[in-house]
Amino acid sequence: MHYKSEVEGVVRIPPQSFNDELQEAIEKQLKGDYEGRIFGDLGKVIAILEIAHIGEGVIIPGDGAAYYRVKFTILNYIPEINELVNGEIKDIAKFGAFVDFGPFEGMVHVSQTMDDYVSFSKTGALTGKQTKRTLKTGDKVRARIVAISMKDPRTPKIGLTMRQSYLGKAEWMEAESKKETKAAKKAAKEE
């Protein structure tokens, strides 16, 4: 889920940035320190939106840099259990598919790809035995987050499923919707 969060921290401005305007130097440093990085409590920081307050600067002897206490607003993404995500299959392995859904990448275990016996083909696709449904690199999919591990913020692990209604490959969802519409029309005629 995307959030707009207020954050307070200390920014180190190196001596070579002393000639820059303070607001610019702090914004540049915040972007380098935060944007694109993953933090356990903030998830992934997408962007620095605004600097709300800059405190007094302090120079620490022996370092030469100036340190400023700063309050700022960020746009961040924190994955949540049961959240629906739309993404693209980036890679297929014998054990499942890797889905890139923007800020993070998740993994759909082969048992969670579809309600069918699934096999890994020589062409690098996952194929359902009875349904003949296939998943390959580049397919657009919708999945639900079922597991999150942020033990190591540099490499978070996100488990996904596509075995529920209206999840999976876009074509599967369209077919399911048409099938339900057809059944509803048939039931309406019988009344």
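Student: How many residues lie between E6 and E7 in their hairpin?
Tutor: There are 4 residues between E6 and E7. One of the turn residues, Gly102, has a positive phi of about 100°. Keep in mind as we go that this is a predicted model.

Student: Okay! In which sense do E6 and E7 pair?
Tutor: They pair in the antiparallel sense, over 5 bridges. For example, Ala97 has Val108 in E7 as its bridge partner.

Student: Where do the side chains of E7 point?
Tutor: They alternate along the strand. Gly106 and Val108 point to one face and are buried.

Student: Changing topic: what is the order of the 4 strands in the open sheet?
Tutor: The order is E1-E4-E3-E2, with antiparallel pairing. E1 and E2 stand at the edges with a single partner strand each, so one side of each has no neighbour in the sheet.

Student: How many bridges are there between E1 and E4?
Tutor: E1 and E4 pair over 12 bridges, in the antiparallel sense. Ile13 stands opposite Ala66 in E4.

Student: Now the helix. How many residues does H1 have?
Tutor: H1 has 13 residues, 22-34. From its first C-alpha to its last it reaches 18 Å, close to the 18 Å expected at 1.5 Å a residue.

Student: Which residues of H1 are buried?
Tutor: Ala25, Ile26, Leu30 and Tyr34 are buried. Looking down the axis of H1, you'd see these buried residues fall within an arc of 135°, so they line one face of the helix.

Student: Why do residues three or four places apart point the same way?
Tutor: It's because an α-helix has 3.6 residues a turn.

Student: Nice. What does the face of H1 turned away from the buried side carry?
Tutor: That face carries the exposed residues Glu24, Lys28 and Gly32.

Student: And what covers the buried residues of H1?
Tutor: The cover includes strands E1 (2-13), E2 (38-39), E3 (43-59) and E4 (66-77). Those are the strands of the open sheet we talked about. Just after H1, Gly36 takes a positive phi of about 80°.

Student: Let's talk rings! How many aromatic pairs are there in the whole structure?
Tutor: A search of the whole structure finds 5. One of them is Tyr34 with Phe39, a tilted pair at 5.3 Å centre to centre and 35° between the planes. Tyr34 is buried, with a relative accessible area of 16%.

Student: Why does Phe39 count as buried?
Tutor: Because its relative accessibility is 19%, and buried means under 20%. Tyr34 and Phe39 also form one aromatic cluster with Phe72.

Student: What about Tyr77 and Phe104, how are their rings placed?
Tutor: Their centres are 5.8 Å apart and their planes are at 45°, so that pair is tilted. It links distant parts of the chain, with Tyr77 in strand E4 and Phe104 in the loop between E6 and E7, 27 residues apart. Both residues are buried.

Student: Last one: where does the charged end of Lys129 sit?
Tutor: It sits over the ring of Tyr117, 5.9 Å from the ring's centre.

Methods
Residues numbered from 1 in each chain as written. Predicted model: local features only at pLDDT ≥ 70, side-chain atom pairs only at ≥ 80, totals over all residues. Heavy atoms only, no water. Helix = DSSP H or I, 4+ residues; strand = E, 2+ residues; numbered from the N terminus. Expected span 1.5 Å × (residues − 1). Buried < 20%, exposed > 50% of the residue type's maximum accessible area, 1.4 Å probe, protein only. Arc of directions from axis to C-beta. Contact = heavy atoms within 4.5 Å. Phe/Tyr/Trp six-rings, centres within 6.5 Å; stacked < 30°, edge-to-face > 60°. Lys NZ or Arg CZ within 6 Å of the ring centre and 35° of its normal. Pairing = 2+ DSSP bridges.
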